[in-house]
Amino acid sequence: MTLDALVIAAHPDDAEISLGGTILRMVRAGAKVGVCDLTRGEMGTRGTEADRTEETRAATAALGLAVRCNLELPDGRVRATVESRQALAAVFREHAPSLVLAHHTQDLHPDHAACGQLAREAWYLSGLKRLAESSGGAPAHRPKLLVHFQSHEDFEPTLVVDISSVWEQKCEAIRCYASQLEPTGKNDRGEHFLFGADILARAETKARYWGEKIGRSHGEPLLLQGPLAIGNPLDIVGFA
Ligand SMILES: [Zn+2]
């Protein structure tokens with residue numbers, strides 16, 4: 001299926017937590033949006049692989065995704081290898097998105113950082129005609145734009161998406177991952193091991209911080225890979 005936008009995330013729930021609002025806004029505008037998770041999250045501290053598969057199905061419906069696929073790379077060991085970038089480039093060619101959104105290449109979680117690097121390399125390779133022909137399958141297709149989203153490490157964004165109108169729906173999508181939100185025992189109070197606050201509270205703190213930066217209630221930060229070409233700067237302020 002041809003997609004307008006494709007999100008590349010390391011673990012099931014990353015797309016919802018980091019980018020759920022942006023996805024919902026694109027879907028509500030009529031776009032076909034897909035998510036390709038790189039792993040099944042089988043090394044996660046909480047929940048089983050079966051839990052996460054079921055939860056991912058519910059979250060996929062909550063976001064209104066057209067496609068959800070999984071590269072089945074090993075959780076905790078994601079790397080941009082020849083094999084993994086070939087596999088992701090094949091996903092880019094198959095779904096031919098105009099826009100790709102992936103983790104940033106600098107992140108505390110090595111899988112997230114590797115995901116950002118892998119997306120950049122696959123983005124380039126997906127446009128090589130002879131490589132596509134030698135791989136079989138869909139013809140070469142390089143997405144027009146690759147942008148990075150934020151997870152465990154901050155960056156100064158070039159865009160902040162206003163997600164105020166879909167904030168509650170984003171929370172519903174995150175709540176689908178109940179195994180990740182609920183404490184599993186007396187030594188687990190449902191807090192993230194690094195950041196203290198629970199996942200939903202942390203998502204809200206970040207969304208309100210970025211929302212405040214753009215004069216809205218909630219926002220999600222994005223970083224463009226390079227400068228964006230525009231014909232008329234007045235387009236930015238809605239000049240008709
Ligand atoms: Zn993750």
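**Packing of helices α6 and α8 in a predicted model**

The crossing of helices α6 and α8 is right-handed. The structure described here is a predicted model. Two packed helices are described by the angle between their axes and the distance between the axes. For α6, which spans residues 167-175, and α8, which spans residues 199-213, the axes come within 11 Å and cross at roughly 150°. Angles over 145 degrees count as roughly antiparallel, and α6 and α8 are therefore roughly antiparallel to each other.

The contact between the two helices is formed on the α6 side by Trp-167, Cys-171 and Ile-174. On the α8 side, the residues that meet them are Ile-199, Leu-200, Ala-203 and Ala-207. By class, the residues of this contact comprise seven nonpolar, no polar and no charged.

The protein chain as a whole contains eight helices and seven strands. Its radius of gyration is 18 Å, close to the 18 Å given by the globule rule for 240 residues, so the chain is as compact as a globular protein of that length. Taken along the principal axes, the box filled by the C-alpha atoms of the chain is roughly 55 × 45 × 30 Å. Of the 240 residues in the chain, 40% are buried. Among contacts with a separation of 6 or more, 77% are between residues 24 or more positions apart.

Most residues other than glycine have a negative phi. Glu-72, by contrast, has a positive phi, near 55°. Glu-72 has 12 C-beta neighbours inside 10 Å. A residue with 12 or fewer such neighbours is classed as exposed, and Glu-72 therefore counts as exposed.

Ala-96 also has a positive phi in a residue other than glycine, with a value near 45°. Ala-96 has 18 C-beta neighbours inside 10 Å and so counts as partly exposed.

Conventions:
Residues are numbered from 1 along each chain as its sequence is written. This is a predicted model: local features need pLDDT of at least 70, side-chain atom pairs count only at pLDDT 80 or more; totals for chains, interfaces and linings use all residues. Axes are lines fitted to C-alpha atoms, for helices over the stretch in contact, and angles run from 0 to 180 degrees between N-to-C directions. Helices (H or I, at least four residues) and strands (E, at least two) are DSSP runs, numbered from the N terminus. Angles under 35 degrees count as roughly parallel, over 145 as roughly antiparallel, 65 to 115 as roughly perpendicular and the rest as oblique. A crossing is left-handed if the near helix is turned anticlockwise from the far one by less than a right angle, and right-handed if clockwise. Two residues are in contact if their C-beta atoms, placed from the backbone, lie within 7 Å. Ala, Val, Leu, Ile, Met, Phe, Trp, Tyr, Cys and Pro count as nonpolar, Asp, Glu, Lys and Arg as charged, and the others, Gly among them, as polar. The radius of gyration is taken over C-alpha atoms; the globule rule is 2.2 Å times the number of residues to the power 0.38. A residue is buried if 20 or more other C-beta atoms lie within 10 Å of its own, exposed if 12 or fewer, and partly exposed in between; C-beta atoms are placed from the backbone.
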